[in-house]
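Please keep the sequence and the structure in view while reading.

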Amino acid sequence: SGGGGLISTLADYLAFCNFLLAMGKYEGGRLLSRKTLELMSANHIPAALMPLRMGLDTLDHGFGLGFSVTTALGMARNLASVGNFGWGGAAKTMFVIDPSEAMILLMMTQHLPVDPYPLSERFQTLAYQAIND
């Protein structure tokens, strides 16, 4: 079950994120083609259906093949880059890959039940505010 839970170490999850940031390369070899990862991290929701609505919520992203994808900065609820992709999990875990900034955001928490405090949004905002170039 893809949504049933993942057991991993922080180091292994970071290695997975680095693999995604490197567009399918890992330890000097290629495990996934660049074009496949481009397809996976592209928004597949038709423009006519955007923005997506789930119940009373309006989502600020689209969906690729396995990832949420930032599609427009004006719709994003926090600092981001168009083309960010990632996923959140139970207990407020999350990862975001930002190819344009060569950045990985990885937050591994274990906080259940999930409360309304926007921890992952605050984490992402603070990470982007720390960019100093």
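Which residues form one aromatic cluster? The cluster is made up of Tyr13, Phe16, Phe19, Phe67, Phe85 and Phe95.

## Basis of the values

The model is predicted, and local features need pLDDT of at least 70, side-chain atom pairs count only at pLDDT 80 or more, while totals for chains, interfaces and linings use all residues. Residues are numbered from 1 along each chain as its sequence is written, and side-chain values use heavy atoms, with hydrogens and water left out.

## The aromatic cluster

Across the whole structure, a search finds 7 aromatic pairs, where rings of Phe, Tyr and Trp (its six-membered ring) pair if their centres lie within 6.5 Å, and where planes under 30 degrees apart count as stacked, over 60 as edge-to-face and the rest as tilted. Tyr13 and Phe16 make an edge-to-face pair, because their ring centres are 6.1 Å apart and their planes stand at 75°. Both residues belong to helix H1 (residues 10-21), where they are 3 residues apart, about one turn of the helix; helices (H or I, at least four residues) and strands (E, at least two) are DSSP runs, numbered from the N terminus. Tyr13 counts as buried at 15% relative accessibility, whereas Phe16, with a relative accessible area of 35%, is partly exposed; buried means under 20% relative accessible area, exposed over 50% and partly exposed in between (1.4 Å probe, protein chains only).

Phe16 also pairs with Phe95, and since the ring centres are 6.1 Å apart with the planes at 70°, this pair is edge-to-face. Phe16 lies in helix H1 and Phe95 in strand S8, so the pair ties together parts that are 79 residues apart in sequence. Phe95 counts as buried, at 4% relative accessibility. Leaving aside neighbours within four places in sequence, Phe95 has contacts (heavy atoms within 4.5 Å) that include Tyr13, Phe16, Phe67, Phe85, Trp87 and Leu105.

## Nonpolar cores

In soluble globular proteins, nonpolar side chains tend to be buried together. A nonpolar core is here a set of buried Ala, Val, Leu, Ile, Met, Phe, Trp, Tyr and Cys residues joined through side-chain atoms within 4.5 Å. The largest such core has 11 residues in all, among them Tyr13, Cys17, Leu37, Val69, Phe95 and Ile97. H1 and S8 each supply at least two residues of this core, and the largest share, 4 residues, comes from H1. Apart from this core lies another, of 6 residues, among them Met94, Met103, Met107 and Tyr128.

## The largest pocket

The largest pocket holds about 950 Å³ of space. On a 1 Å grid over the protein atoms alone, a pocket is an open set of points where a 1.4 Å probe fits, with protein on both sides within 12 Å along at least five of seven lines, and lining residues have an atom within 4 Å of a point. Grid points are joined across faces, edges and corners, and the volume is the space filled by probe spheres set on the points.

Of the 32 lining residues, His61, Arg77, Gly88, Ser120 and Glu121 are the closest to the centre of the pocket. The lining has 15 nonpolar, 12 polar and 5 charged residues, where Ala, Val, Leu, Ile, Met, Phe, Trp, Tyr, Cys and Pro count as nonpolar, Asp, Glu, Lys and Arg as charged, and the others, Gly among them, as polar. Strand S7 (85-88) and helix H3 (119-129) are among the elements that each supply at least two lining residues, and the largest share, 4 residues, comes from S7.
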